[in-house]
Amino acid sequence: MNHARRAPQTGHLTGHERTFAEDQVIVTKTDLKGHITYANEVFQSLSSLTERECLGAPHNLIRHPDMPRCIFDLMWRTIQDGREIFAYVLNRAMDGDHYWVHAHVTPSFNDAGEIIGYHSNRRRPDRGIVQEHIIPLYAQLRAEERRHERPKQALAASTEMLDSKLAGLGLEYDRFVCTLGQDQ
């Protein structure tokens with residue numbers, strides 16, 4: 001399949017945040033390598049992509065540069081291990097706008113129990129949680145990543161920082177995400 005795709009311009013960010021309705025759900029499915037096999041209209045609209053541009057494209061097409069690499073690494077390790085994960089994710093639309101999601105990512109299995117792809121449902125996150133907890137945490141993780149020249153070192157350092165913060169709370173990331181806002 002050869003699809004015409006628009007890549008976001010490197011570094012092109014508008015600073016404009018998009019939102020979506022509370023009752024809307026963003027849905028995508030990918031193959032084992034993270035290439036999009038299905039994208040609903042909500043995803044297409046928020047990302048400024050057509051179905052033709054989505055299908056076959058790598059899901060990281062919408063990766064925002066302020067999203068910590070260690071969070072994506074954690075997500076990939078979790079779903080490749082056959083487990084689901086909940087995470088807050090900052091995405092970038094093709095025009096440079098951005099939008100936050102509360103993602104639920106799960107592996108998809110065939111009848112033999114083998115992972116054949118991944119499925120993600122994303123909802124509008126609680127704005128207070130994003131502002132109070134996620135943005136400061138992700139800013140710290142990205143700052144740690146930027147301190148290192150080599151990508152592997154940056155990933156290891158931010159992963160260590162995240163693990164240390166979670167250990168201090170006595171929580172794994174998934175549990176941390178699910179308990180945010182419960183103290184309000």
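Predicted model: local features only at pLDDT ≥ 70, side-chain atom pairs only at ≥ 80, totals over all residues.

Student: Understood. What makes Asn40 count as buried or exposed?

Tutor: Its relative accessibility is 12%. Buried means under 20%. Asn40 therefore counts as buried. Asn40 lies in the loop between β2 (36-39) and α1 (41-47). Setting aside neighbours within four places in sequence, Asn40 touches Val25, Ile26 and Val27.

Student: How do you know whether Ile36 is buried or exposed?

Tutor: Use the cut-off of under 20% again. Ile36 has 3% relative accessibility, so it is buried. This residue belongs to strand β2. Beyond the neighbours within four places in sequence, Ile36 has contacts that include Phe43, Cys54, Leu55 and His59.

Student: How far is Ile36 from Arg175?

Tutor: In sequence, 139 residues; in space, 28 Å from C-alpha to C-alpha.

Student: Why is Ser48 called partly exposed?

Tutor: Partly exposed runs between the two limits, under 20% for buried and over 50% for exposed. Ser48 comes out at 21% relative accessibility, so it counts as partly exposed. Ser48 sits in the loop between α1 and α2 (51-54).

Student: What is the phi of Ser48?

Tutor: Positive, about 60°, although Ser48 is not a glycine.

Student: And Ser45, buried or exposed?

Tutor: Exposed means over 50%. Ser45 is at 53% relative accessibility, so it counts as exposed. Ser45 is part of helix α1. Its C-alpha is 9.0 Å from that of Ala93, 48 residues apart along the chain.

Student: What makes Asp111 buried or exposed?

Tutor: The limit is over 50% again. With 87% relative accessibility, Asp111 therefore counts as exposed. Asp111 is in the loop between β4 and β5 (115-123). Between the C-alpha atoms of Asp111 and Arg77, 34 residues apart along the chain, the separation is 22 Å.

Student: Now helix α4. Where is its kink?

Tutor: At Ile134, with a bend of about 40°. The helix covers residues 127-146, and the kink comes shortly before the proline Pro136.

Student: What caps the N-terminal end of α4?

Tutor: Asp126 does. One of its side-chain oxygens lies 2.8 Å from the backbone nitrogen of Gly128. The cut-off for a polar contact is within 3.5 Å.

Student: Which residues of α4 are buried?

Tutor: Among them are Ile129, Val130, Ile134 and Leu137. Arg142, Glu144 and Glu145 are also on the list of buried residues.

Student: What do the buried residues of α4 pack against?

Tutor: Three helices, if you look at the names: α3 (69-80), α5 (151-169) and α6 (173-179). The strands β3 (85-92) and β4 (98-109) are partners too.

Student: How do the axes of α3 and α4 cross?

Tutor: They come within 8 Å and cross at roughly 100°. Angles of 65 to 115 degrees count as roughly perpendicular. So α3 is roughly perpendicular to α4.

Student: Which residues make that contact?

Tutor: From α3, Arg69, Cys70 and Ile71; from α4, Tyr138, Leu141 and Glu145.

Student: How many of the residues in the contact of α3 with α4 are nonpolar, polar or charged?

Tutor: There are 4 nonpolar, no polar and 2 charged. Tyr and Cys count as nonpolar, Arg and Glu as charged.

Key:
Residues numbered from 1 in each chain as written. Heavy atoms only, no water. Bend = angle between axes of the 7 residues up to and from the residue. Helix = DSSP H or I, 4+ residues; strand = E, 2+ residues; numbered from the N terminus. Buried < 20%, exposed > 50% of the residue type's maximum accessible area, 1.4 Å probe, protein only. Contact = heavy atoms within 4.5 Å. Polar contact = N/O pair within 3.5 Å; in protein donor to acceptor, adjacent residues only side chain to side chain. Axes fitted to C-alpha atoms, helices over the stretch in contact; angles between N-to-C directions. Parallel < 35°, antiparallel > 145°, perpendicular 65-115°, else oblique.
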